[in-house]
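Here's a quick tour for anyone meeting this structure for the first time. Have a look at it, then read on.

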Amino acid sequence: MRRYIIWILLCCVNLLQAQTYQVPKREFRAAWIQCVNGQFQGVGTETMQQTLRYQLDELQKDGANAIIFQVRPACDALYQSSIEPWSHFLTGVQGKAPQPYWDPLQWMVDECHKRGMELHAWINPYRAKTKSAYPLAANHIASQHPERAFEYDGLMVLNPALQENRDYICTIVEDILNRYDVDGLHIDDYFYPYPVPGVDIPDDAQFRANSQGYTNKGDWRRHQVDLLIEQLNSTIHRVKPWVKFGISPFGIYRNQKSDPRGSKTNGLQNYDDLYADILLWIEKGWVDYNVPQLYWEMGHKAADYTELIRWWNTHASGRPLYIGEDVERTVKAVDLRIPQSHQLPAKMQLHQECKGVQGTVLWYAKVAVDNIGNYGMNLRNVYWRYPALQPLMPHLDSKAPDKVRKLKVIDMGSQQVLMWTAPKFKTWGDEATKYVVYCFKKGEDLNTADPSHIVAITTEPFYELPPTERGRYVYLVTALDRLQNESKAVKKKVKW
């Protein structure tokens, strides 16, 4: 009986959220799909494709509009590369191609785009080898140039202080962009390695030999990472100006005891421990979006979620700010105000209160798909229940495409189809790549700011009208460019 009452209370909480939560029209809704946990290692082509296809289908139903897919975990590739070997985390043997042959990155680009999702290619720039015991392939960068890497607590890391390593990483990125139609290039929180007590980074001699005018080694190390971020940004937008460069840093920039502008936290720090100055990168315009990993719960003693989301909202919303959410921790933590509920409703309320927050990235795809703690169903029925356009990025492009042309309804007997022609364009920023279809009942305000009226976001220049209750409807169609600037609407009245 007690469990039944709790279930009823949870349903009431979710219903209340559904009634009060204002679903935004634009929102980044993504999930990370990682390979370093070994989930794909040696499973074979068919099994991996089945797993990925199921996850994409479920995430699409949940309302996701982007996937961040790990394609370069340790200077090896989950895609066909003439520069780096096939990944150990794909086939179990670094350098061994998958059998039957396939290209996971190309497959994911195709599958995500079919579902209207963006695909962001996630690389780890510096990590050359994880702590797993496996031999490096002959064409691995650390096999060819061992002097350009160092060992640290079982890891192998490309030395961030070497310009040849920065050039090499940018060559890898340029190769990916030239050959794959990715929507974003993403790196996570691995800059200089996470510190281990009593283990020093072996760069004393290099610092003494070439301090570049710095007297403090921490400042010198931060400068090395700054140089890579600036160069990556330049490389990405030189090759494809529309590709978004995103970074997912550790959730604490600095503690207040280290810096008055820091957060009221007491944990590892990006700036001091990983030598990553995220606020500088945002200030300089070197990143297009930022996803701090706020994996803790509300009320955490060392890193309170509420404190951190408000801190990032205040200090880092000069570029689109998305929040990295740990699904499992969220549903295992009790809401501090409503003990019968987990913390998802309260966290999503904070998202709405923090006006600089424009999206969420789930850590990680599988647990969301498994619907642990009813997380996925809450997204599907409440927080992501309407389709969403991507957040605007006016620093990359702010001009909307022209309107669609020749909008009409074709009567095909048992089916009516709304059809249109793409607008004309001259440059990549003017080209329509997707379309939004809105539906209104006769007499309703034609308000395209209300996402509840979006019935499709599609790459096709047509929309099959669903069988609905008889009446008069008004359909609006708009065009979106690569960065989802939206055109003016074209109207068509339909009578059933």
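F28 is tucked away in this predicted model: its relative accessible area is 1%, and because anything under 20% counts as buried, F28 does too. Y322 is buried as well, also at 1% relative accessibility.

Now for the rings. There are 24 aromatic pairs here. F28 and Y322 make up one of them, and they're stacked, with 4.4 Å from centre to centre and 15° between the planes. That pair ties together distant parts of the chain, since F28 belongs to strand β1 (residues 28-33) and Y322 to strand β10 (residues 321-326), 294 residues apart.

W102 and W107 meet another way: their ring centres are 5.7 Å apart and the planes sit at 85°, so this pair is edge-to-face. W102 is buried at 7% relative accessibility, and W107 is buried at 14%. There's also an aromatic cluster made of W32, Y295, W363 and Y364.

Some rings have a charged side chain over the face:

| Charged residue | Ring | Distance from ring centre |
|---|---|---|
| R222 | Y271 | 3.9 Å |
| K347 | Y305 | 4.3 Å |

Next, strand β7 (residues 184-187). Which strands pair with it? Strand β3 (residues 118-123) runs parallel to β7 and is joined to it by four bridges, with A121 partnered by L185. Strand β8 (residues 244-247) also pairs with β7 in the parallel sense, again over four bridges, and here G184 stands opposite K244. Are the faces of β7 covered or open? Both are covered: G184 and H186 on one side, L185 and I187 on the other, are all buried.

Notes:
Residues numbered from 1 in each chain as written. Predicted model: local features only at pLDDT ≥ 70, side-chain atom pairs only at ≥ 80, totals over all residues. Heavy atoms only, no water. Buried < 20%, exposed > 50% of the residue type's maximum accessible area, 1.4 Å probe, protein only. Helix = DSSP H or I, 4+ residues; strand = E, 2+ residues; numbered from the N terminus. Pairing = 2+ DSSP bridges. Phe/Tyr/Trp six-rings, centres within 6.5 Å; stacked < 30°, edge-to-face > 60°. Lys NZ or Arg CZ within 6 Å of the ring centre and 35° of its normal.
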